[in-house]
Amino acid sequence: MPPLQPLPRTVPLFHNETLDSFLHRLAAANHLPADQLLPLLEIRHTKKTPVNTLLEPLAAAAGVRPGTLELALPEFLDADADAVDKPGAIGRPRSALHTAIQRPACRRCTHAAGITMTVTCWTTHDRNVCLRHRLWIGNGIANADEQVDISRLPDTLRAQRHHRNLVARHGRRWVRNAYPDARKMYFAWLQQSADPFDLLDTARRILTDGTGKLPSPELTLTMVFHPQVVTLAGLLAGREWEHRAVATGHVTWLVEQITVRNILLGYVPKDRKDPLIQWVEQHFSTHKFVAFHRSPRIYDAFFPRETIPPPRQPDEADAETRWSPFHPYYRC
């Protein structure tokens, strides 16, 4: 039967940790292989087992209250239909999305919490820098030792604050929708450009990870040009360029803003295969398709929420819902 008392050794909880990460830490603390922990506790867990059936027995084994464990691990929040009404649930990462992000937590934050093992967390697209410890914890980091001290990259530190402000201004759904495409677009442009000032080699010499090694060229590129990517994501997440494009029939204003905002100086699309032109065409095509169907399910499938939203009244409009700036199609 499930455990009625805690294991001999328990581990501290960590905010937004993944279930697998917590199980590995709990098993390691009790000198057990991770795959033997649940069978030893007589807790059945398969792919078809609802995750919320693990909550009470695992909480007993970990020596914490079920409600505390539920709020610590987002998998339990996603499995609870009433989670949106619970204090501390709003704004937490949604682990059930196919786009959900798992990354190692800041190694200095975990050490400060008394945890010496690696902690893997569910996170959101905008958490790329730990501002408290000035570590890069975002794209390109596979383990905690690879996290790079970016104290000497002040623009990248400022970009983290800028990113948060963009989410507040345009809505998380839309910045999240634009950010991955902005990264792909920007690095596609960079592949066509030279580095006459040896910027990447210079940056690598002043950056080190947790083992004292230099970061890879790809990771250096990601960190150095993060401010430009964030600015581009904010430009694409806004609606002004949409309205101007619809009114004029072209994207000249958007192209000009890429230079004006120092995203990419002297940028001019060469042809229709340019990443920006292709993105604009796909953007309008997707919005028109979603506006035609007017279904909340289709809308959420194309533009999923990254975090648990606050509850709304049945007749209350969603502030982050946007339809195409074009007139919607009509059914025949």
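Gln147 is buried, with a relative accessible area of 0%; here buried denotes a relative accessible area under 20%, exposed over 50%, and partly exposed the range in between, for a 1.4 Å probe and protein chains only. The model is a predicted one, in which local features need pLDDT of at least 70 and side-chain atom pairs count only at pLDDT 80 or more, while totals for chains, interfaces and linings use all residues. Residues are numbered from 1 along each chain as its sequence is written, and side-chain values use heavy atoms, with hydrogens and water left out.

Gln147 is located in the loop between β4 and β5, where strands (E, at least two residues) and helices (H or I, at least four) are DSSP runs numbered from the N terminus. Contacts are defined by heavy atoms within 4.5 Å. When neighbours within four places in sequence are set aside, the contacts of Gln147 include Pro104, Ala105, Cys106 and Arg107. Leu135, Trp136, Ile137 and Ile141 are also in contact with Gln147, as are Thr208, Asp209 and Gly210.

Pairing of two strands requires at least two bridges between them in DSSP. Strand β4 comprises residues 135-136 and is joined to β3 by two bridges, the two strands running antiparallel. Within this pair, Val129 stands opposite Trp136 of β4.

The cysteines were examined next. No disulfide is found in a search of the whole structure, a disulfide being a pair of cysteine sulfur atoms within 2.5 Å. In general terms, such a link is a covalent bond between the sulfur atoms of two cysteines. For Cys106, the closest cysteine sulfur is that of Cys130, at 3.7 Å, which is too far for a bond. Both residues are shielded from solvent by the accessibility criterion: Cys106 is buried at a relative accessible area of 5%, and Cys130 is buried at 6%.

At the level of the whole protein, the secondary structure consists of 15 helices and five strands. The C-alpha trace spans about 70 × 60 × 30 Å along its principal axes. Of the 332 residues, 45% count as buried. Among contacts between residues at least 6 apart in sequence, 65% join residues at least 24 apart.

The mean positions of the 41 positive and 34 negative charges lie 2 Å apart. In this count Lys and Arg are positive and Asp and Glu negative, whereas His and the chain ends are not counted. Each charge is placed at NZ of Lys, CZ of Arg, CG of Asp or CD of Glu.

Two helical residues were considered individually. Thr220 lies in helix α10 (residues 217-224) and is buried, with a relative accessible area of 0%. Beyond four places in sequence, Thr220 touches Leu200, Ala203, Arg204 and Pro215. The C-alpha atoms of Thr220 and Thr208 are 10 Å apart, at a sequence separation of twelve residues. His287 is situated in helix α14 (residues 275-293) and counts as buried at 3% relative accessibility. Residues up to four places away excluded, His287 touches Trp174, Glu242, Phe303, Arg322, Trp323 and Ser324.

The segment before α1 (19-29) contains Thr10, which counts as partly exposed at 43% relative accessibility. Thr10 touches Leu26, Ala61, Ala62 and Gly63 when residues up to four places away are not counted. A C-alpha separation of 12 Å is found between Thr10 and Gly114, which are 104 residues apart along the chain.

Asn16 also lies in the segment before α1 and is buried, with a relative accessible area of 10%. Most residues other than glycine have a negative phi. Asn16, which is not a glycine, has a positive phi of about 65°. A positive phi, near 60°, is also found for Asn262. Asn262 is placed in the loop between α13 (252-260) and α14 and counts as exposed at 53% relative accessibility.
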